[in-house]
Amino acid sequence: MVVLEARELYRFYHSGDEEVKALRGVSVCIEAREMVAFIGPSGSGKSTLLMCLAGLDEPDGGEVIVFGKRMTRREEQFKTALRSRSMGIMLQSNNLFAHLSVTQNVHLAQATLGNADAAWIKSTIEQLGIASRAHALPSELSGGERARAALAVALARKPKILILDEPTGEVDAAAETAILDMLQQHCKQGGAVVVATHNEALAKKASRIMPIKDGKFVNDQ
Ligand SMILES: Nc1ncnc2c1ncn2[C@@H]1O[C@H](COP(=O)(O)OP(=O)(O)OP(=O)(O)O)[C@@H](O)[C@H]1O
Ligand SMILES: [Mg+2]
């Protein structure tokens, strides 16, 4: 079953006279139970693609389909509803509220679903190896701890689709293993993971690796 699809995405950025062609006709179809890894050099368009897939950025051409529904060129409200029903998102820029602790951040992400599940929050934070930092504020965390807290927030709504930008960016080997295990578990339970990464261990666990260069999948070039 296809859960997420990009059809011929284009995204151009303009700064002054310069035009950056961040995406140049990118198409991909992601099925349930798949872990798809976008790998490529810095500036190749990975984050731009994830932002478009999440409906947080609007492509200049093409469209994104989420569970059969078009996400592109829709009202913000429609996109937000579709996104919060189906996606957990962790971007390179942080998704944590500065004035809330790790636990409170995860709790808030869950609360909009109805009841927050305190036992699930505790065990997820433990599995990610940040239980001792559960009551710390984001500003009091190391980069790797902050990344894991952000991942806990992305997982909080138990989403079908996880969209993750460099989830293992700043973590040590033990945390990396914990994260990889969680992502594999997510796929086994029927979810899909879309990840941008430079991390080889993570790419190896992926069911599909899609190299991207200059805003295009290498295999399409
Ligand atoms: N808001 C923006 N305005 C202008 N140019 C941008 C903007 N965001 C990204 N770009 C440019 O678009 C291109 C793709 O950027 P993107 O962030 O998608 O790369 P990336 O593959 O995620 O890189 P990294 O591995 O460093 O995270 C780069 O050339 C970048 O400089
Ligand atoms: Mg990036």
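User: Does leucine 128 count as buried or exposed?

Analyst: Happy to start there, and please keep in mind that this is a predicted model. Leucine 128 lies in the loop between helix H4 (118-127) and helix H5 (143-155). A residue needs 20 or more C-beta neighbours within 10 Å to be called buried. Leucine 128 has 22 of them inside 10 Å, so it counts as buried.

User: Which element gives the most residues to the largest nonpolar core?

Analyst: The largest nonpolar core has 58 residues. Those with the most contacts inside it are Leu53, Leu151, Ala152, Val153, Ala154, Ile163 and Val194. With eight residues, the element that gives the most to this core is H5.

User: Thanks! Turning to the sheet, why is one side of E2 and of E5 left without a neighbour?

Analyst: Four strands form an open sheet, ordered E2-E1-E4-E5, with antiparallel pairing. Strand E2 (18-31) and strand E5 (69-70) each have a single partner strand, so one side of each is left without a neighbour because of where they stand: at the edges.

User: What is the bridge partner of valine 2 in E2?

Analyst: Strand E1 (residues 2-15) runs antiparallel to E2, and eleven bridges join the two. For valine 2, the partner in E2 is glutamate 31.

User: What angle does the direction of helix H1 make with that of E1?

Analyst: Helix H1 (residues 46-53) packs on the sheet. There it touches E1, E2 and strand E4 (61-66). The angle between the directions of H1 and E1 is about 125 degrees.

User: And ligand 1: which element gives the most to the shell around it?

Analyst: There are 13 residues around ligand 1, and Tyr13, Ser42, Lys46, Ser47 and Thr48 come nearest. E1, E2 and H1 are the elements that give two or more residues to this shell. With three residues, the element that gives the most is H1.

User: How many residues of that shell around ligand 1 are polar?

Analyst: The shell residues fall into three groups. Three are nonpolar and one is charged. The polar residues number nine.

Technical notes. Residues are numbered from 1 along each chain as its sequence is written. Chains are lettered from A and ligands numbered from 1 in the order in which they are written. This is a predicted model: local features need pLDDT of at least 70, side-chain atom pairs count only at pLDDT 80 or more; totals for chains, interfaces and linings use all residues. Two strands pair if DSSP finds at least two bridges between them. Two residues are in contact if their C-beta atoms, placed from the backbone, lie within 7 Å. Axes are lines fitted to C-alpha atoms, for helices over the stretch in contact, and angles run from 0 to 180 degrees between N-to-C directions. A residue is near a molecule or strand if its C-beta atom, placed from the backbone, lies within 6 Å of it. Ala, Val, Leu, Ile, Met, Phe, Trp, Tyr, Cys and Pro count as nonpolar, Asp, Glu, Lys and Arg as charged, and the others, Gly among them, as polar. A residue is buried if 20 or more other C-beta atoms lie within 10 Å of its own, exposed if 12 or fewer, and partly exposed in between; C-beta atoms are placed from the backbone. A nonpolar core is a set of buried Ala, Val, Leu, Ile, Met, Phe, Trp, Tyr and Cys residues joined through C-beta atoms within 7 Å.
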